[in-house]
Amino acid sequence: MRKIIISPSILAADIMALGRDVISSEKAGAQYLHIDIMDGHFVPNLSYGPDVVKALRPISNQVFDVHLMISDPLFYAESFAKAGADIITVHYEAIDNPIEVAKKLHSLGVKAGLSIKPKTPAEEIFEYLPYFDLILVMTVEPGFGGQSYIEEMNDKIAVLRAEIDKLDKEIDLEVDGGIGPKNVAMPISAGANVIVSGSAVFKAENPAQAIADMKAFNNNVL
Ligand code: DX5
Ligand code: ZN
């Protein structure tokens with residue numbers, strides 16, 4: 001049985017009370033904090049820069065899981081590492097040389113993540129798995145919170161889990177988009193162990209309960 005890690009996405013938090021929401025998510029047991037960075041170019045939306053990561057760093061001991069949805073991730077990686085990122089995830093579709101990117105991220109002292117959009121086949125990244133610490137399967141088109149989970153991604157998660165299990169290395173398999181307590185069974189059963197959840201946590205009546213329900217899923221059901 002795999003330990004489930006919850007990574008609440010601050011995109012859905014109350015921006016006027018961001019610090020409060022982050023602190024509550026840590027108290028509720030969310031081990032990671034998912035920070036979505038968008039450049040208006042790789043995705044048609046804008047979010048934050050490194051200063052937001054820096055501002056949040058002193059108030060949280062969570063693993064800062066920074067998801068770069070930007071066209072030139074290496075140009076900005078160092079700023080995010082210095083600001084306090086623990087994991088920096090780049091998009092496979094935005095880079096030319098995943099191995100070089102992984103090495104560069106490691107040289108900055110952070111864990112390296114590689115993400116694929118829903119239309120990118122899992123097989124395209126098989127050869128790069130050993131170089132990364134985390135693989136992120138997008139379960140919606142990146143760019144916006146509050147979308148519906150694409151169920152066709154279940155197979156992709158399962159295929160990547162099988163491939164990761166062939167390696168002699170712990171690699172997190174993260175899923176992102178449209179996930180909450182009601183449907184977390186799908187990605188977890190398929191093999192994901194890090195669950196990003198935005199709207200289903202921060203827009204819930206009881207965010208702490210939503211986090212607890214997802215964390216406990218393996219223990220209660222599988
Ligand atoms: C989408 C982002 C997600 C988003 C998830 O581009 O990468 O992290 O915040 O939000 P929900 O859980 O609302 O789909
Ligand atoms: Zn994300």
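Which of the 19 residues around ligand 1 come nearest? They are Asp-36, Gly-143, Asp-176, Gly-198 and Ser-199. Please keep in mind that this is a predicted model.

**Around ligand 1**

- Asp-36 places a polar side-chain atom 2.7 Å from an oxygen atom of ligand 1, and for Asp-176 the distance from a polar side-chain atom to a ligand oxygen is also 2.7 Å.
- Ligand 1 would expose 380 Å² if taken alone, and the protein buries 99% of that.
- Strand E2 (32-38), strand E3 (63-69) and strand E8 (194-197) are the elements that each give two or more residues to the shell.
- The shell is made up of six nonpolar, eleven polar and two charged residues.

**Salt bridges**

- Arg-20 and Asp-21 form a salt bridge, with 3.0 Å between the closest N and O atoms; Asp-21 is buried, at 11% relative accessible area.
- Arg-57 pairs with Asp-86, their closest N and O atoms being 2.9 Å apart.
- Arg-57 sits in the loop between helix H2 (50-56) and E3, and Asp-86 in the loop between helix H3 (73-83) and strand E4 (87-91), so this pair ties together parts 29 residues apart in sequence.
- Both partners are partly exposed, Arg-57 at 22% and Asp-86 at 30% relative accessibility.

- Arg-161 and Asp-165 meet in a salt bridge at 3.3 Å, N to O; they are four residues apart in helix H5 (residues 153-165), so about one helical turn separates them.
- Arg-161 is buried at 9%, whereas Asp-165 is partly exposed at 48%.
- Shared partners link Arg-2, Arg-161 and Asp-165 into one salt-bridge network.

Conventions:
Residues are numbered from 1 along each chain as its sequence is written. Chains are lettered from A and ligands numbered from 1 in the order in which they are written. This is a predicted model: local features need pLDDT of at least 70, side-chain atom pairs count only at pLDDT 80 or more; totals for chains, interfaces and linings use all residues. Side-chain values use heavy atoms; hydrogens and water are left out. A residue is near a molecule or strand if one of its heavy atoms lies within 4 Å of it. A polar contact is a pair of N or O atoms within 3.5 Å; within protein, one must be able to donate a hydrogen and the other to accept it, and residues adjacent in sequence count only if both atoms are side-chain atoms. Accessible areas come from the Shrake-Rupley method with a 1.4 Å probe; for residues, only the protein chains shown count as cover. Ala, Val, Leu, Ile, Met, Phe, Trp, Tyr, Cys and Pro count as nonpolar, Asp, Glu, Lys and Arg as charged, and the others, Gly among them, as polar. A salt bridge is a side-chain nitrogen of Lys or Arg within 4 Å of a carboxyl oxygen of Asp or Glu. Buried means under 20% relative accessible area, exposed over 50%, partly exposed in between (1.4 Å probe, protein chains only).
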